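Trainee: I would like a close look at one part of this model, a pair of packed helices, and then at what else can be said about the chains. Please take it step by step.

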Amino acid sequence: MNTVRLIYRKEMSAYFNSAVAYITLIIFLLINGWFFTSSFFLVGQSDLRILFNSVPLVFIFFIPAITMGSLARENHAGTMEFLTTLPVDDYQIVLGKFFSAVALIGVGLLFTLPHFITLLFVGTSPDIGAILCGYLGLLLVGAMYASIGMFGSAVSNNQITSFLLSFIIIFALYLFDKILIFVPPFLSGILQFLSTDYHFSNISRGVIDSRNIIYFLSVIFFFLTLSVRVLEIRKWR
Amino acid sequence: MARINNSKQFALSLVFLAVILILINIISRSLFFRWDLTRGNIYSLSESSKSIISQLDDRMTARVFFSEDLPGEYVNSRRYLQDILEEYRAYSNGNFHFEFVNPDDHEKAKEEASGYRIPPVQLRVLENDKLEIKNVYMGLVLLYRDKKEVLPVIQTTEGLEYDLTAAIKKMLAKDLKTIGLIAGKGEGVKTHQLSQFLNQTYQVRPVSLNSPVPLDVDLVLMNGVMDSLSMDELYHMDQFLMRGGKLFLSQARQEAKVQEGMAESIASNIFSFLEHYGLTINPDIVIDKLCSQIQIQQRQGIFSFNNAVDYPPIPVIRRFNEESPIVSGLDEVRVFFPHEITASPDSGTFTPLMWTSKNSGSLAEGYFPAPSMGGNYTLRNGYNIYPVDNKQLQKFDKGPMIVAGLRTGSQTSFFADSSEYAEKEGFLAFTNDLNLLLITDNRFFDDTRAAGIPENTALILNAADVMTGDAELVSIRNRGIKVRPLKPEILTSDTSRNAWKWANIITPSLLVILFALYKVGQNRKKRRKLEEYYG
């Protein structure tokens with residue numbers, strides 16, 4: 001676990017010592033802030049549902065952007081070969097980078113706290129339990145998208161390709177819930193179960209359901225394992 | 001993690017992993033836990049539901065007629081229904097059972113559903129590359145001894161727990177309470193939908209004041225009168241109250257004619273009757289800055305268009321008496337053209353239930369027409385309620401005003417001093433148990449104002465439950481309709497709204513910039529130290 005921690009630290013320091021992370025964060029927060037405020041006072045309800053609806057949408061672009069470089073950059077620069085000569089397992093590389101991406105997402109969510117604080121001032125008895133649960137849900141969605149981003153990044157040396165691949169998978173999972181009316185009924189149950197929004201909606205209203213948690217953990221585990229396997233391919237090819 | 005060495009192993013390991021994860025997810029659907037973090041656990045079974053289901057002393061079966069291949073948005077309803085039925089089963093001491101039946105391909109099940117009056121619902125689904133209308137079933141029947149209660153269509157999860165618990169409670173009840181409804185004589189007054197809501201837990205029937213209110217009627221809901229009642233009608237109302245009957249009266253002093261932009265006074269002896277009971281309805285119409293909007297048609301050049309405008313004579317009530325179970329769980333109620341109630345201190349107990357906001361006022365009588373209608377103001381009888389350019393609708397110079405309240409305690413009869421009526425056989429001159437709820441909206445029980453506005457319906461159902469001494473369902477109903485509005489001063493002031501809006505857009509990014517500057521400063525410090533160290 002020490003190796004994972006070392007890689008995590010290295011990645012975090014790389015994030016916060018470059019302007020890219022800050023610019024990405026600012027764009028993420030500006031878009032969220034805009035979405036949030038354009039409906040919050042119109043709807044006039046003391047909850048953060050509007051934020052919880054908009055963040056997963058912004059995540060679709062934000063998370064592939066922050067993960068696209070994590071493995072692809074190493075592949076492209078040839079440092080991956082160097083990394084693999086060290087006494088480090090592939091899964092440790094993937095986990096270290098995955099945790100750092102999740103931490104960056106957590107930092108992004110932390111900076112949305114002014115919206116929460118606003119709610120405490122202008123709202124009437126907001127439901128704190130439900131809001132905290134919503135944030136937990138956002139972190140799970142973020143972690144799931146990050147695992148897909150890791151896979152996209154592992155597959156290609158090109159960051160744009162990585163971005164597009166993870167974006168397409170994430171967007172499809174996001175979209176499944178929205179297109180159910182257009183699919184035959186026998187498929188709708190499966191597509192709904194696969195969709196991110198379906199599982200997130202339960203958590204965002206304040207209910208932690210083990211079925212939703214297991215879904216998120218399954219997808220994360222699946223894509224992280226896939227990423228490790230993809231890294232291993234290079235060794236036997 | 002075992003290493004893989006060729007593409008076959010790669011593919012196999014992925015298939016194996018996917019199968020394991022799918023299995024775990026399938027198993028998790030039957031073995032699960034839910035942790036409800038919301039305030040009041042609004043997504044879990046309420047204490048009232050648990051208490052009611054635990055009263056079962058015989059087997060109750062829920063036969064759920066639910067089609068399997070439902071369009072996506074309804075799959076969730078099915079799952080929610082199954083979850084909630086499982087919770088009922090858990091608290092029923094083994095007396096509650098449920099079974100899902102799919103009537104789609106089974107004629108017998110279809111016949112059974114139709115026998116219980118569960119109709120097929122038509123939904124649009126995509127089949128064979130085109131949208132088709134499909135008949136699906138989404139209903140259930142509860143069977144208990146020789147009784148049955150049907151929820152014919154369950155399309156939404158909203159209020160499902162209330163509907164189920166109300167149905168179970170109705171089946172357990174030995175004698176159902178009876179509510180009498182006096183719809184009123186105004187044009188187009190309808191109480192059909194309200195009756196349907198009340199029918200879930202009560203027997204509802206129309207009553208008239210032409211004869212004594214039947215003894216089995218526990219509560220009367222009465223829309224406002226437009227002119228005087230006959231003395232006999234007043235007598236029957238009075239004696240109903242004297243014998244401990246409960247009255248929820250919706251009475252105003254003005255009849256609003258929105259199309260004409262004016263309200264006319266109601267001349268009725270009911271006001272002196274109410275004054276005898278210690279309740280005076282102020283003649284002026286209450287207006288409130290916190291109000292509903294109405295659509296009005298406006299002209300600009302050759303174009304006319306509909307515009308939504310704030311309409312202060314329809315206040316949105318958000319201040320409730322938190323100590324009264326009738327209103328304590330409510331967030332919002334809409335009253336139309338209400339009046340202030342003044343309670344006489346000499347009479348029994350008066351409990352105010354609802355207040356307008358502190359930005360409210362009352363219309364002065366007699367200034368017509370509004371400037372936009374042409375001409376100057378003229379003094380006439382009546383109240384100007386024209387929605388456009390009406391300065392009278394902008395004066396919010398009075399504090400919160402009571403628009404609904406409950407009179408309880410002791411009371412002498414209105415006819416105690418009448419030689420004609422006091423002599424009648426069975427005359428009751430006094431009660432220690434008065435229950436008179438007054439709301440100053442003339443049509444509060446009309447379907448457009450009651451059943452059409454969920455919060456208003458909730459108020460009526462709460463009042464019915466509490467006044468008939470059965471408040472078990474109140475808590476479930478209030479859970480379902482929870483709305484938590486923002487503070488009114490934020491919504492009504494453009495300046496504060498814009499300030500909050502821009503602060504929310506800019507502050508998060510500003511914090512990131514400050515954090516970045518802090519990091520740059522730290523890095524510089526570190527670099528300087530290293531430079532000093534290495535000279």
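Mentor: What follows starts with the helix pair in chain A and then moves to the sheets of chain B. Keep in mind throughout that this is a predicted model.

Two packed helices are described by the angle between their axes and the distance between the axes. Helix H7 of chain A covers residues 128-155, and helix H10 of chain A covers residues 196-204; their axes are 8 Å apart and meet at an angle of about 155 degrees. Because an angle over 145 degrees counts as roughly antiparallel, H7(A) is roughly antiparallel to H10(A). On the H7(A) side, the contact is formed by Ala130(A), Cys133(A), Gly134(A), Gly137(A), Leu138(A), Leu140(A), Val141(A), Met144(A) and Tyr145(A). H10(A) contributes Thr196(A), Phe200(A), Ile203(A) and Ser204(A). By class, the residues of this contact are 9 nonpolar and 4 polar, with no charged residue.

H10 of chain A also holds His199(A). With a relative accessible area of 0%, His199(A) is buried, because buried means under 20%. The side chain of His199(A) makes a polar contact of 3.0 Å with the side chain of Asn212(A). Apart from neighbours within four places in sequence, the residues in contact with His199(A) are Gln192(A), Phe193(A), Arg211(A), Asn212(A), Tyr215(A) and Phe216(A).

Most residues other than glycine have a negative phi. Ser125(A) has a positive phi, near 40 degrees. The relative accessible area of Ser125(A) is 44%, which makes Ser125(A) partly exposed.

Phe337(B) lies in the loop between S18 and strand S19 (339-343) of chain B. Phe337(B) is buried, at 6% relative accessibility.

In an open sheet of 3 strands, the order is S15-S16-S18 and the pairing is antiparallel. Strand S15 (291-300) and strand S18 (333-334) of chain B are at the edges with a single partner strand each, so one side of each has no neighbour in the sheet. Between S15(B) and strand S16 (residues 303-317) of chain B there are 10 bridges, in the antiparallel sense. One of the bridge pairs is Ile294(B) with Val309(B) in S16(B).

Another open sheet in chain B has 8 strands in the order S9-S8-S10-S11-S26-S25-S20-S17, with mixed pairing. Its edges are strand S9 (203-206) and strand S17 (319-320) of chain B, each with a single partner strand, so one side of each is left without a neighbour in the sheet. Within this sheet, strand S25 (residues 402-412) and strand S26 (residues 430-439) of chain B run antiparallel and are joined by 8 bridges. Thr408(B) stands opposite Asn435(B) in S26(B). Helix H6 (residues 192-199) of chain B packs on the sheet, where it touches strand S8 (178-182), S9 and strand S10 (217-222), and the direction of this helix makes about 150 degrees with that of S9(B).

For chain B as a whole, there are 13 helices and 26 strands. Of its 535 residues, 49% are buried. Among contacts in chain B between residues at least 6 apart in sequence, 70% join residues at least 24 apart.

Terms used:
Residues are numbered from 1 along each chain as its sequence is written. Chains are lettered from A and ligands numbered from 1 in the order in which they are written. This is a predicted model: local features need pLDDT of at least 70, side-chain atom pairs count only at pLDDT 80 or more; totals for chains, interfaces and linings use all residues. Side-chain values use heavy atoms; hydrogens and water are left out. Axes are lines fitted to C-alpha atoms, for helices over the stretch in contact, and angles run from 0 to 180 degrees between N-to-C directions. Helices (H or I, at least four residues) and strands (E, at least two) are DSSP runs, numbered from the N terminus. Angles under 35 degrees count as roughly parallel, over 145 as roughly antiparallel, 65 to 115 as roughly perpendicular and the rest as oblique. Contact means heavy atoms within 4.5 Å. Ala, Val, Leu, Ile, Met, Phe, Trp, Tyr, Cys and Pro count as nonpolar, Asp, Glu, Lys and Arg as charged, and the others, Gly among them, as polar. Two strands pair if DSSP finds at least two bridges between them. Buried means under 20% relative accessible area, exposed over 50%, partly exposed in between (1.4 Å probe, protein chains only). A polar contact is a pair of N or O atoms within 3.5 Å; within protein, one must be able to donate a hydrogen and the other to accept it, and residues adjacent in sequence count only if both atoms are side-chain atoms.
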